[in-house]
Amino acid sequence: MDFSLTEEQSALQELTRQIVSDRCTLEHQRAIADSESGTDLELWKLLGESGLIDPGLGWLETCVVLAELARGSAPVPAFAVMGLALPALDGHLLHSAVAAGDVVVAAALHEPTGDVFAPTAQVVAGQLTGEKTCVVHGMVADHFVVSAQTGVYRVAADSAGVERDAQATSSDAPDAYVSFTSAPCE
């Protein structure tokens with residue numbers, strides 16, 4: 001059985017590797033790490049323009065891109081967007097804006113209790129109430145994909161009832177503590 005990458009997968013790998021290696025120099029990484037957001041939004045946009053956030057990528061192609069982003073320690077919201085947000089937004093108007101790198105979606109999954117498998121957020125009449133901790137790229141997110149007791153919901157970051165505060169973590173990444181109080185969701 002042949003487990004090597006196809007030509008197309010190898011091309012995705014090479015393109016991602018080239019973009020990341022050109023952009024993510026040690027000096028650049030330090031500058032981004034010292035920034036308020038810790039996120040390279042210009043790199044995120046470039047990845048979108050290059051078709052690397054494309055929702056049409058298959059599962060393995062997405063993994064190839066994610067592996068190269070991880071290899072280069074690219075400070076972008078790739079896993080949350082490509083692994084969770086794009087599939088959750090399939091068919092939604094935001095789908096193409098996210099894929100183009102114009103919109104950042106953060107995955108709000110971690111519970112203050114520490115158990116990600118038992119979400120405490122509740123949705124009543126289309127409004128979400130709950131708290132999430134360690135939301136990576138949460139301070140620059142335009143939208144959140146939030147786990148709740150009854151499923152996964154999208155909440156716009158600028159909605160009434162959404163508050164976020166920078167949260168220092170042991171990884172030194174500027175995560176966010178996000179609270180939702182009767183925030184409209186879908």
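Modeller: Start with a cut-off: a residue is buried when its relative accessible area is under 20%, exposed when over 50%, and partly exposed in between. This is a predicted model, so keep that in mind throughout. Now take C24. Its relative accessible area is 13%. C24 is therefore buried, because 13% falls under the 20% cut-off. C63 has a relative accessibility of 28%. C63 therefore counts as partly exposed.

For C24, the nearest cysteine sulfur belongs to C63, and it is 20 Å away. C24 is in no disulfide. Seen from C63, the nearest cysteine sulfur is that of C24, again 20 Å away. C63 is in no disulfide either. By this rule, the count of disulfides is zero.

Next, the strands. Strands of a sheet pair through backbone hydrogen bonds, either parallel or antiparallel. Here, four strands make an open sheet in the order β2-β3-β7-β6. Their pairing is antiparallel. At the edges lie β2 (122-124) and β6 (162-167), and each of them pairs on one side only. From one strand to the next, the twist averages 10 degrees.

Look at one pair in this sheet. Strand β3 covers residues 127-135, and strand β7 covers residues 175-184. The two run antiparallel, and six bridges join them.

How values were computed:
Residues numbered from 1 in each chain as written. Predicted model: local features only at pLDDT ≥ 70, side-chain atom pairs only at ≥ 80, totals over all residues. Heavy atoms only, no water. Pairing = 2+ DSSP bridges. Axes fitted to C-alpha atoms, helices over the stretch in contact; angles between N-to-C directions. Disulfide = S-S within 2.5 Å. Buried < 20%, exposed > 50% of the residue type's maximum accessible area, 1.4 Å probe, protein only.
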